[in-house]
Amino acid sequence: MEIKYDPNGLVPAIIQDVNNGEVLMLAYMNEESLRRTLESGRTWFWSRSRQEFWCKGETSGHRQYVREILYDCDADALLVKVLQVGPACHTGERSCFHRRLQGARLDLRPEEGEGKA
């Protein structure tokens, strides 16, 4: 299967802890960063803001060691399962997803048997 990149040549990569399933971060890869990731066993990304490649943990030491890479049914998103060393977020948090969006209405799942005619 060939990965489908967006018009900018990027594909979103969801980074997940291989041990507990926690979503650690979202970054973007292009063909070259995916190739580097596959060859090195470490995560490489394309920085949209700096317009350059970066290997996770090169400056911080908080490295990601790739254990598995999956792609979705449309081949336009990646799921990269990693062994995370240290925090994944540049803020020092374990995951980049550490802030809860307030004010959203959440539908509760009906109890089993409810709604049956």
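The conversation below takes up the terms used for this predicted model.

Colleague: How is the order of the elements along the protein chain described?

Modeller: The protein chain has one helix and six strands. From the N terminus on, these elements run β-β-α-β-β-β-β.

Colleague: Why is A27 called buried?

Modeller: A27 has a relative accessibility of 6%. Buried means under 20% relative accessible area, and therefore A27 counts as buried. The residue A27 belongs to strand 2. Leaving aside neighbours within four places in sequence, A27 is in contact with V11, P12, A13, F45 and W54.

Colleague: Why is L26 called partly exposed?

Modeller: The relative accessibility of L26 is 42%. Buried requires a value under 20% and exposed a value over 50%, with partly exposed in between, so L26 counts as partly exposed. L26 is found in strand 2, which covers residues 23–29.

Colleague: What makes I14, V23, L26 and F97 a nonpolar patch on the surface?

Modeller: A patch is made of residues with over 30% relative accessible area and no salt bridge, and nonpolar side chains are joined within 5 Å. I14, V23, L26 and F97 form such a patch, with about 340 Å² of accessible area together. For L26, the value is 42%.

Colleague: Which residues have the most contacts inside the largest nonpolar core?

Modeller: The largest nonpolar core has 15 residues, and those with the most contacts inside it are A13, I15, M25, M29, F45, L78 and V80. Strand 1 (11–17), strand 2 and strand 6 (78–84) each supply at least two residues of this core. Strand 2 gives the most, with four residues. In soluble globular proteins, nonpolar side chains tend to be buried together.

Colleague: Which residues does L78 touch?

Modeller: Not counting residues up to four places away in sequence, L78 touches I3, V11, P12, A13, I14, M29, L34, I69, L70 and Y71.

Colleague: What is noted about phi in Q51, and why is Q51 called exposed?

Modeller: Phi of Q51 is near 55°, a positive value in a residue other than glycine. Q51 lies in the loop between strand 3 (44–47) and strand 4 (52–55). Its relative accessibility is 52%; exposed means over 50%, so Q51 counts as exposed.

Colleague: Is A75, in the loop between strand 5 and strand 6, buried or exposed?

Modeller: A75 has a relative accessibility of 1%. The limit for buried is under 20%, and A75 therefore counts as buried. The loop that holds A75 runs between strand 5 (64–71) and strand 6. Phi of A75 is near 60°, a positive value in a residue other than glycine.

Colleague: Why is G21 called partly exposed?

Modeller: G21 has a relative accessibility of 32%. The place of G21 is in the loop between strand 1 and strand 2.

Colleague: How does the radius of gyration of the protein chain stand against that of a compact globule?

Modeller: A compact globule of 117 residues would have a radius of gyration near 13 Å, but the protein chain has 17 Å. The C-alpha trace spans about 55 × 35 × 25 Å along its principal axes.

Colleague: What share of the residues of the protein chain counts as buried?

Modeller: Of the 117 residues, 31% count as buried.

Definitions and conventions: Residues numbered from 1 in each chain as written. Predicted model: local features only at pLDDT ≥ 70, side-chain atom pairs only at ≥ 80, totals over all residues. Heavy atoms only, no water. Patch = residues over 30% accessible without salt bridge, like charges linked within 9 Å, V, L, I, M, F, W, Y side chains within 5 Å. Areas by Shrake-Rupley, 256 points an atom, 1.4 Å probe, with all protein chains shown as cover. Salt bridge = Lys/Arg side-chain N within 4 Å of Asp/Glu carboxyl O. Buried < 20%, exposed > 50% of the residue type's maximum accessible area, 1.4 Å probe, protein only. Rg over C-alpha atoms; globule rule 2.2 N^0.38 Å. Core = buried A, V, L, I, M, F, W, Y, C linked by side-chain atoms within 4.5 Å. Contact = heavy atoms within 4.5 Å.
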